[in-house]
Amino acid sequence: MKKTLSEQRKDKFLERHREQMKELDKIVKKSRYIINVPAMVLNKNEEDDAVDVIGTLHMHADFLNDFIDEINAKVPDLILTLDDWEFVHALDTKIKILSGFNAYYRHFDRYIMSDGVPRMRDVIDKYLQKAEQIHLDLDHHQEVLMGKYYEMQDREFFKSRK
């Protein structure tokens, strides 16, 4: 049985949305950990609860650098699949701003020595907030796409019932 041109377009639309959701799902699942990073701390030893401030900053910086690397590796594929250019442009801008952390990361110990621990804590917290916002934006966009996809599928289902 041949499909009409309208049915072919709708199938293509649903397939494209499914592809976009799959790409977003990969990124969102892989980057979910970034939300919990600010709450993680390292203790100096197990006997007392003294926080190892510099060790914690290093750990946060490592997680943040890993997040940036993962996002930079996945976003080109995502950009090719997404249709919402306004979202893509906003995401690209946020990622470029977040990538500014690489300058701090490369010379992390030098910045701690020159700027001090409180300044580096503020810098890392600022970039962690930006990373979390990118993750939340991706998650929200995935939910929006899923809503549109299921809405379109429901319309198709009810039209086929008439």
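A nonpolar core is taken here as a set of buried Ala, Val, Leu, Ile, Met, Phe, Trp, Tyr and Cys residues joined through side-chain atoms within 4.5 Å, where buried means under 20% relative accessible area, exposed over 50% and partly exposed in between, with a 1.4 Å probe and protein chains only. The model is predicted, so that local features need pLDDT of at least 70 and side-chain atom pairs count only at pLDDT 80 or more, whereas totals for chains, interfaces and linings use all residues. Residues are numbered from 1 along each chain as its sequence is written, and side-chain values use heavy atoms, with hydrogens and water left out.

The largest nonpolar core comprises 36 residues, of which Leu 64, Leu 98, Phe 101 and Leu 138 touch the most other members. Two or more residues are given to this core by each of H1, helix H2 (53-81), helix H3 (85-98), helix H4 (101-106), helix H5 (108-115) and helix H6 (117-161), helices being DSSP runs of H or I with at least four residues, numbered from the N terminus. The most is given by H6, with eleven residues. Phe 101 is in contact (heavy atoms within 4.5 Å) with Ala 61, Leu 64, Asn 65, Ile 68, Ile 124 and Tyr 127, its neighbours within four places in sequence being left aside.

Helix H1 covers residues 5-31. At 1.5 Å a residue its 27 residues should span 39 Å, which agrees with the 39 Å between its end C-alpha atoms; the expected span is 1.5 Å times one less than the number of residues. Its buried residues include Leu 14, His 17, Gln 20, Leu 24 and Ile 27. His 17 has a relative accessible area of 5% and is therefore buried; beyond residues up to four places away in sequence, His 17 touches Leu 145, Lys 148 and Tyr 149. Leu 24, also in H1, counts as buried because its relative accessibility is 0%, and, neighbours within four places aside, Leu 24 is in contact with Leu 78, Leu 82, Leu 138, His 141, Gln 142 and Leu 145.

The axes of H1 and H2, as lines fitted to C-alpha atoms over the stretch in contact, come within 10 Å and cross at roughly 175 degrees. H1 is therefore roughly antiparallel to H2, a term used for angles over 145 degrees. Among the residues that make the contact are Glu 23, Leu 24 and Ile 27 of H1 and Ile 71, Lys 74 and Leu 78 of H2.

Notes
Axes are lines fitted to C-alpha atoms, for helices over the stretch in contact, and angles run from 0 to 180 degrees between N-to-C directions. Angles under 35 degrees count as roughly parallel, over 145 as roughly antiparallel, 65 to 115 as roughly perpendicular and the rest as oblique.
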